[in-house]
Amino acid sequence: MAASLIRLHFHDCFVQGCDASILLDDAPLIISEKNALPNAGSARGYEVIDAAKSAVERICPGVVSCADILTLAARDASAYVGGPSWTVKLGRRDSTTASIAEANSNLPSFKADLTTLISNFNNKGLNPRDLVALSGAHTLGQAQCFTFRDRIYSNLTNVDAGFASTRRRGCPASITEGNNNLAALDLVTPNSFDNNYFKNLIQRKGLLESDQILFSGGSTDSIVREYSNNPTRFKNDFASAMIKMGDIRPLTGQQGVIRRICSALN
């Protein structure tokens, strides 16, 4: 669940800013971002945020936003599995809108090339070091077969043959079979927040194309090498990048609302 909560925060902030728009269900005036291609069938953790919000509302109704709760949950999820902790800025308010179109266009693709990834993050005020550090969240969690099938059956030089063979066992070549089968993003320590993700990339064992492209002879190779050798630097940079991401277009002051229920408008 730690990986899911960090991902949920990321998918929230990259669409309309960190405003909890991803938590809204379909309604007469809302087309939920939960139905967007990058979220449908893979985004999880909604019930954790709902439970936290319910507990907070009982004690302090109408004060703490769903956006702040989601941001805090991502920080706590990182710390819970051995990752860094950081001071979360508070005061975000919740959106009254969602954008499935923005979710489909703004969230990075698992097949994105390096130029696209750098541009995508730059559009959110994040630099290439932030990109590599935040991608390190893939030290946790799993991916569905359809997201990495092309990579493990490509026979390209940027994928380790033994790694591809291992992953093929749970991911059939046919596009009609096993699409939802899961594989750990980090084959070595899938449940620990560490720097093995970067060591995997150097060994050509990144699961997603958008992972391996970070170490493919391009401008981010040096950052990957740095993090593979210096786990403390990675964790510090990850915390800094999460703080920066949490500052993407927040609603403050009189903007937005404080939702009573995170999945619905007041």
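Visitor: At what angle do helix α1 and helix α3 pack?

Guide: This is a predicted model, in which local features need pLDDT of at least 70, side-chain atom pairs count only at pLDDT 80 or more, and totals for chains, interfaces and linings use all residues. Residues are numbered from 1 along each chain as its sequence is written, and side-chain values use heavy atoms, with hydrogens and water left out. Helices are DSSP runs (H or I, at least four residues) numbered from the N terminus, and axes are lines fitted to C-alpha atoms over the stretch in contact, with angles from 0 to 180 degrees between N-to-C directions. The axes of α1 (residues 2–13) and α3 (residues 66–80) lie 8 Å apart, and the packing angle is about 145°.

Visitor: How do the residues of the contact of α1 with α3 divide?

Guide: Contact means heavy atoms within 4.5 Å. Helix α1 contributes A2, L5, I6, L8, H9 and D12, while α3 contributes L70, T71, A73, A74, A77 and S78. Ala, Val, Leu, Ile, Met, Phe, Trp, Tyr, Cys and Pro count as nonpolar, Asp, Glu, Lys and Arg as charged, and the others, Gly among them, as polar. The division is 8 nonpolar, 3 polar and 1 charged.

Visitor: Is A20 buried or exposed?

Guide: A20 lies in the loop between α1 and α2 (46–59). Its phi is near 65°, positive although the residue is not glycine. Buried means under 20% relative accessible area, exposed over 50%, and partly exposed in between (1.4 Å probe, protein chains only). With a relative accessible area of 0%, A20 is buried.

Visitor: What is the relative accessible area of R204?

Guide: R204, in the loop between α9 (196–202) and α10 (209–212), also is not a glycine and has a positive phi of about 65°. R204 is partly exposed, and its relative accessible area is 33%.

How values were computed
Helices (H or I, at least four residues) and strands (E, at least two) are DSSP runs, numbered from the N terminus.
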